[in-house]
Amino acid sequence: MTTTSEALTTKAATAERAARYRPWGRHALSYLGLILAATVVLLPIYMTVVNALLTKESIVSYPPKLFPFECSWDICSTAGPQWGNFSKALDQVPLVRYMWNSAIMTGVIVVGQLVTASLAAYAFAFLRFPGRGLLFLIFLSTLMVPIEVSIIPNFQTIQRLGWQDTYQALTVPFLATAFGTFLLRQHFMTIPKELRDAAAIDGYGHLRFLFFVVLPLSRPVLASLAVFAFLSAWNQYFWPLLVTNDDNMRTVQIGLAALRGREIDSFNVVMAGTLIAAMPMFAMLILFQGQLVRGLTAGAVKR
Amino acid sequence: MPRLPVAGLLARGLTQLKNLGFGLLFLWPSILLFSAFVFYPLIKSVYLGFYESDPLGNQGDFVGFDQYRSVWGGSDFRHSLWITFQFTVYTVVPGIVLGLGLAMLANQKLPAISIFRTIFASTVATSVAVASMMWLTLLNPTTGLVTWLLDQAGQPRLNLLNDPDWALPAVSLTTIWLNLGLATIVFLAGLQSIPERLYESARIDGASRLGTFLHVTLPMLSPTLLFVTVIGMILAFESFGQIHILTRGGPLDATNVIVYSIYQEAFQSFNYGVAAVQAVGLFILVLGLTALQLRFLERRVFYQ
Amino acid sequence: MSRVVFDRVTKHFGEVVAVDDLSLEIYDKEFLVLLGPSGCGKSTALRIVAGLEDPTRGTIIIGDRVVNNIEAKNRDIAMVFQDYALYPHMSVYDNMAFSMRMRHIHRQERHRRVLEAAQTLGMTDLLRRKPAQLSGGQRQRVALGRAIVRQPSVFLMDEPLSNLDAKLRVQTRRELIKLHRRLQTTFIYVTHDQVEAMTMGERIAILLDGALQQVDRPQDVYDRPASVFVASFIGSPAMNFFQAELASQGDGLVARSAGVEFPLSPAQGRALAKLPTRNVTIGVRPEHMLLGEASAKTDHCVLAVVVDTVESLGAEQQVTFSNADSTIQARLDPSPALHEGEQVLLMFACDHLHFFDPETGLRIEDK
């Protein structure tokens, strides 16, 4: 049984029609703002791509060229896109070697941080020992020490060990991470105590519990930490600058910066090289955006 | 029966010892690494400041606090501080405004919004080196887009990176762009943690868009704002790469922030003593500023 | 004038139809309850009135205006959310004063209204506190207070009692009824709890899958449920249903279901004869069942049943019986106390029979 209401008025009919058009107008404005902002944000990347595809002549022209294609306007290149610049970059600069060095350095650091952070977080989350709280605070305090204060003595240490231009120098100082320990500990503490008790009854010691229960349950956090560590390690600049002099040992960041002083064809090749160097990180971003965001918003201080 | 209590104590002591053993077993790699590469250097830096360095970089005479006094009191240090302070303001404030703006744009419920979110966050994938090289193009005095834009706006053909008046703003601009992705990601996460109900409530209560922003969004974002401000300040104080690539601290020390000054003293002039003093000064400064910010701003931050 | 009218309102969320051609008029100053199971569209319907959702089709009228294109803030409504939605960083006072601040109402007037509402709700001592420092019941009162100070034409409430514990819920129910009487304003109240609906509503509108099943006074919904769904939703334990077949007997009809014969009055017989098939669904409420004697009166139906489980509640016993292939629930006097496995006779008056079309589930009127 339903009760009926008043008859539809013409007012209602026009209201219905208006409601259909209203969202459209509002959305158009929002998209305009979004596209504008996206253009501004992407501008440097776009210009780098354009420059990488220009000819030697086009790249020194003014006003700057905006399109790497041939056309009749001033903002177009004098020739088509110069895809050859990329191979020229690879030929004239040992980019592959640089990327390889970066890859090794980053890989070792990521694995190392995962291991040390897992072990340390396990200790802080599951083991009860005297001084645990104080030790954790001391760990966190390392986040407050800026890189400059430690960099000079660390450099001297490396010199004394004779580790200049070695992978050890690039990786060993960064194998421990307070941020990673903090992040993992937070997560480990959410693992229910009952699981631990059940594992103890089943005869699992600490290491087996860590390896077979805790870590599998922590995959998302471990992934976030890995992505975050990858990002930090790959992008390092100051330290690799100091400990590498041999061109063979340079990481991609230092090698890229050194392009300025090299005898290269011209700036368009440099830009092509820059793009090649930037590729891995952009791939990371697109593939692992979720993990990355989670790692960055963990709310702790990390440099 | 006097044996039993002793046995109990012994048992407990042994358990504690066993736990301590396990603890150290899991912690020794981290402890070793932190001791060697964080705590030892901290103390060593303070120690280095007590000694002059000879031109070859070897440790020279002991001068005690004199070096500290002369460096911290010197005009060079004050100049670096001033440049660093300017740089921090130029990068942190616009960074927050733009990051929040982009995050708000990206927080709308529109189809294909995730593409825009990825775009706005994309600069987090650019390293300092990559970003600096990209901006080298834009700031190029002969063919840079920024140069050209300023030309249209009435500033003819500036050589931005070589102009003492424009170098710092140019480097700041690069840094803002570099950190934009991170700021957007953090602010977006903050915005998304605000319950939708509050906005609906404000809608019914008659708040305008500005009113909602001021009375709902900002207060609920205050922890995120504090985080971004503190992190932004720390990042600004440690900026090195972009200065090394773009301006090498010049022209005429216009971009000679403290970190770069430390680099020059230590690794180009081999004046480890002076550099160490500057580094310790930087440390105390960052610590102090962070503590101040947390103290004063935290009162205005609302936590749930 | 603060009546609310749904005029053929439909709401689609993509493929899902949340509200299906709803037409309903809520009278001025009425306390109307929108009742239904989760997902039936009652909250969506409420949000459409509030202006938080736009209907896909149809019109909403508040008072004498069509409000489809009017912003939520201008519809002169106030809403109390299930989770209260208080501004956590503002004090209780500021929470209540917020909407008035947004409308630039003078400070004195704001103060006056907040104090008045606080007094009505008995929370003048809470004004300086923040929501985090309040209990669930107190937060709920703040949410109410926030709505009251707006002096709206219509109060919209979305399951406001769900987050309270049972005792507080009963107490707050009564306070809400008193509040309604005092404020003399239209209340539209959404809930899935039929007890709340029955005790608070002047009328109840029952929704299922977005469509209106019935709207009537509580007693009418109880006495004459419009469909099998309504009949089973109202009343606890739920109504017992039997699938029966009509057969001629003597001058009239009887309905037969496994093990029992329902004698039908002439009026009932006439109504049922109009059915296209001989099948009918018969409903009897558990509270209308009695322990029977073999020598029952002719206008009573008698069933032979076996006791399955007995739940004694002091003032009554709720017994589940089994009979052939069906289970029957009854609410009986506490004595004689029954035991599992006992074989007894159940009887109920034929007046208490409800008839439904087995195809459509709709009620067949028998008067």
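Which domains does the domain assignment of chain A give? I found domain 1 (10–82) and domain 2 (88–296); such bounds come from an automatic or database domain assignment.

**Ground rules**

This is a predicted model, where local features need pLDDT of at least 70, side-chain atom pairs count only at pLDDT 80 or more, and totals for chains, interfaces and linings use all residues. Residues are numbered from 1 along each chain as its sequence is written, and chains are lettered from A and ligands numbered from 1 in the order in which they are written.

**Chain A, its two domains**

I checked how far apart the domains sit: the centres of domain 1 and domain 2 of chain A, taken over C-alpha atoms, are separated by 37 Å. Then I looked for contacts (two residues whose C-beta atoms, placed from the backbone, lie within 7 Å). Eight residues of domain 1 of chain A are in contact with eight residues of domain 2 of chain A. On the domain 1 side I noted four nonpolar, three polar and one charged residue. For these classes, Ala, Val, Leu, Ile, Met, Phe, Trp, Tyr, Cys and Pro count as nonpolar, Asp, Glu, Lys and Arg as charged, and the others, Gly among them, as polar.

Helices here are DSSP runs of H or I with at least four residues, strands are runs of E with at least two, and both are numbered from the N terminus.

**The cores**

Next I went after nonpolar cores, meaning sets of buried Ala, Val, Leu, Ile, Met, Phe, Trp, Tyr and Cys residues joined through C-beta atoms within 7 Å. A residue is buried if 20 or more other C-beta atoms lie within 10 Å of its own, exposed if 12 or fewer, and partly exposed in between, again with C-beta atoms placed from the backbone. The largest core has 157 residues, and Tyr122(A), Leu225(A) and Ala279(B) have the most contacts inside it. H3(A) gives the largest share of this core, 15 residues. Why does the core lie between the two domains of chain A? Both domain 1 (10–82) and domain 2 (88–296) give residues to it, so it lies between them.

**Chain B**

I counted twelve helices and two strands in chain B. The order from the N terminus is α-β-β-α-α-α-α-α-α-α-α-α-α-α. Chain B has a radius of gyration of 26 Å, well over the 19 Å that the globule rule gives for 304 residues, so it is more spread out than a compact globule. That radius is taken over C-alpha atoms, and the rule is 2.2 Å times the number of residues to the power 0.38. The C-alpha trace of chain B spans about 90 × 65 × 30 Å along its principal axes. I also noted that 44% of the 304 residues of chain B count as buried.

**Chain C**

Chain C has nine helices and 20 strands. Its domain assignment gives domain 1 (4–232) and domain 2 (240–356), with 40 Å between their centres, taken over C-alpha atoms. Four residues of domain 1 of chain C are in contact with five residues of domain 2 of chain C.

Then I traced some strands, which pair if DSSP finds at least two bridges between them. S11 (240–249) and S14 (279–284) of chain C pair in the antiparallel sense over six bridges, and Glu245(C) stands opposite Asn279(C) in S14(C). S14(C) also pairs with S20 (354–356) of chain C, antiparallel over three bridges; there Gly283(C) stands opposite His354(C).

Last, I found an open sheet of five strands in chain C, with the order S15-S19-S16-S17-S18 and antiparallel pairing. S15 (290–291) and S18 (326–332) of chain C stand at the edges with a single partner strand each, so one side of each is left without a neighbour in the sheet.
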